[in-house]
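Subject: Structure handover

Dear colleague,

Here is the structure I promised to pass on. Please open it alongside these notes.

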Amino acid sequence: MANLTIGKLAKACDVNIDTIRYYEGLDLLVPEGRTASGYRVYNSESLNRLKFIRQMQRLDFTLDEIKEMLALRVSDAGKCADVHQRAEAKI
């Protein structure tokens, strides 16, 4: 799935469009780019990232904790085991 508009991304994850904008403001989610008319465009990584955020929230992680875990996921030094270890500690 590629080139999702903000509305399609919101619908795919059952969230409000304002929620996506809020996550963008916190640097939890970044659009892939914008169309010529200025609409945000998201890719499949954005979809997976939003699903991850929502799942972590259901497990009572704060947005700050989620941001740390997302940083671990994308860092060169971070490993899946690091994310898993933090999740286990929280749960």
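Two strands pair if DSSP finds at least two bridges between them. Helices (H or I, at least four residues) and strands (E, at least two) are DSSP runs, numbered from the N terminus. This is a predicted model, in which local features need pLDDT of at least 70 and side-chain atom pairs count only at pLDDT 80 or more, while totals for chains, interfaces and linings use all residues. Residues are numbered from 1 along each chain as its sequence is written, and side-chain values use heavy atoms, with hydrogens and water left out.

Sheet and fold

The three strands form an open sheet in the order β1-β3-β2, with antiparallel pairing. β1 (4–5) and β2 (33–34) are the edge strands; each has a single partner strand, so one side of each lacks a neighbour in the sheet. β1 and β3 (residues 40–42) run antiparallel and are joined by two bridges. Leu4 sits opposite Tyr42 in β3.

The chain has five helices and three strands. From the N terminus, the order is β-α-α-β-β-α-α-α.

Whole-chain values

Of the 91 residues, 33% are buried. Buried means under 20% relative accessible area, exposed over 50%, and partly exposed in between (1.4 Å probe, protein chains only). The accessible surface is about 5900 Å², and carbon and sulfur atoms hold 50% of that. These areas come from the Shrake-Rupley method with a 1.4 Å probe; for residues, only the protein chains shown count as cover. Contact means heavy atoms within 4.5 Å. Among contacts in the chain with a separation of 6 or more, 48% join residues 24 or more positions apart.

Core

A nonpolar core is a set of buried Ala, Val, Leu, Ile, Met, Phe, Trp, Tyr and Cys residues joined through side-chain atoms within 4.5 Å. The largest one has 22 residues, and Leu9, Ile20, Leu50 and Ile66 have the most contacts inside it. At least two residues of this core come from each of α1 (6–13), α2 (17–25), α3 (44–58) and α4. α3 gives the most, with five residues.

What does Ile66 touch, leaving aside its neighbours within four places in sequence? Its contacts are Leu28, Ile53, Met56, Gln57 and Phe61. Leu28 also has its C-alpha atom 9.2 Å from that of Ala71, 43 residues apart along the chain. Ala71 is in helix α4 (residues 63–74). It is partly exposed, at 40% relative accessibility.

Aromatic pair

Rings of Phe, Tyr and Trp (its six-membered ring) pair if their centres lie within 6.5 Å; planes under 30 degrees apart count as stacked, over 60 as edge-to-face and the rest as tilted. That rule gives one aromatic pair. The ring centres of Tyr22 and Tyr23 are 6.4 Å apart and the planes are at 50 degrees, so the pair is tilted. Tyr22 is partly exposed at 49% relative accessibility, whereas Tyr23 is buried at 2%.

Salt bridges

A salt bridge is a side-chain nitrogen of Lys or Arg within 4 Å of a carboxyl oxygen of Asp or Glu. The whole structure has two.

- Asp18 and Arg21 meet at 3.2 Å, N to O. They are three residues apart in helix α2, about one helical turn. Arg21 is partly exposed, at 39% relative accessibility.
- Glu24 and Arg40 meet at 2.9 Å, N to O. This pair links distant parts of the chain, with Glu24 in helix α2 and Arg40 in strand β3, 16 residues apart. Both Glu24 and Arg40 are buried.

Best regards
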